[in-house]
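Let's take a friendly walk through a protein fold, one piece at a time. Keep the picture open while you read.

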Amino acid sequence: MSLPDARDTAVVEASYAEVALLRALPGRDGLTYAVPAPLQARLRPGMRVVAPLGRRHETGLVTALRDTPPPDVAKIRAIDEVLDEEPIVSAEVFALCRWSARYYLAGLADVLAVALPGGLRARSARVVRVPDDAPPPKTPLETVVVEHVRTAGTIAVTALVRA
């Protein structure tokens, strides 16, 4: 996976992005995602994105932009959302992280995750809410759960289990 240098921070409309998921996958530092047309003009290396991984969505850092997909890849999923207006990782920090990953035999995504300040390391959480058109609860327990979720608006599953 190639990392950006100072010239790569200019806006380049590319169809594919190499993304290092900050909750690294063992042995997989960079995954390729399609860049939806509305995001192509603003996406640059060093920006955080939300991308699908299986049935969940994870935060990742764009490490490179490409015009063509990698060879031998049948299906490429699209980036869901761009979290930053400007890159949060400079070319110099990318270079340092790449060197650290090689020197310490660590995954680049692991090194990038540690290099980011705590407030920028977004975490995924499963949340629930009750849609307006939900059918009425059928049991007393369902009634309690639905009322608790409606009162909260949107609530993390872990908080709902505790309640």
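## Before we start

A residue counts as buried when its relative accessible area is under 20%. Keep in mind that this is a predicted model.

Start with the big picture: five strands form an open sheet, in the order 2-1-4-3-5, and the pairing is antiparallel. The edges are strand 2 and strand 5 (81-82), each of which pairs on one side only. Strands of a sheet are held in pairs through backbone hydrogen bonds.

## Strand 1 and its neighbours

Now look at strand 1. It runs antiparallel to strand 2 (residues 31-34), with four bridges between them, and tyrosine 16 has alanine 34 in strand 2 as its bridge partner. Strand 1 also pairs with strand 4 (residues 56-66), again in the antiparallel sense, over six bridges.

Which way do the side chains go? In a regular strand they alternate between the two faces of the sheet. In strand 1, Tyr16, Glu18 and Ala20 point one way, while Ala17, Val19 and Leu21 point the other way, and all are buried. Six of the six residues of strand 1 (residues 16-21) are buried, so this strand is largely enclosed by the rest of the structure.

## A helix to check

Helix 4 (residues 140-152) lets you try a quick calculation. At 1.5 Å a residue, its 13 residues should span 18 Å, and the end C-alpha atoms are 19 Å apart, which agrees. Just after helix 4 comes glycine 153, with a positive phi of about 90 degrees.

Conventions: Residues are numbered from 1 along each chain as its sequence is written. This is a predicted model: local features need pLDDT of at least 70, side-chain atom pairs count only at pLDDT 80 or more; totals for chains, interfaces and linings use all residues. Side-chain values use heavy atoms; hydrogens and water are left out. Buried means under 20% relative accessible area, exposed over 50%, partly exposed in between (1.4 Å probe, protein chains only). Helices (H or I, at least four residues) and strands (E, at least two) are DSSP runs, numbered from the N terminus. Two strands pair if DSSP finds at least two bridges between them. The expected span of a helix is 1.5 Å times one less than its number of residues.
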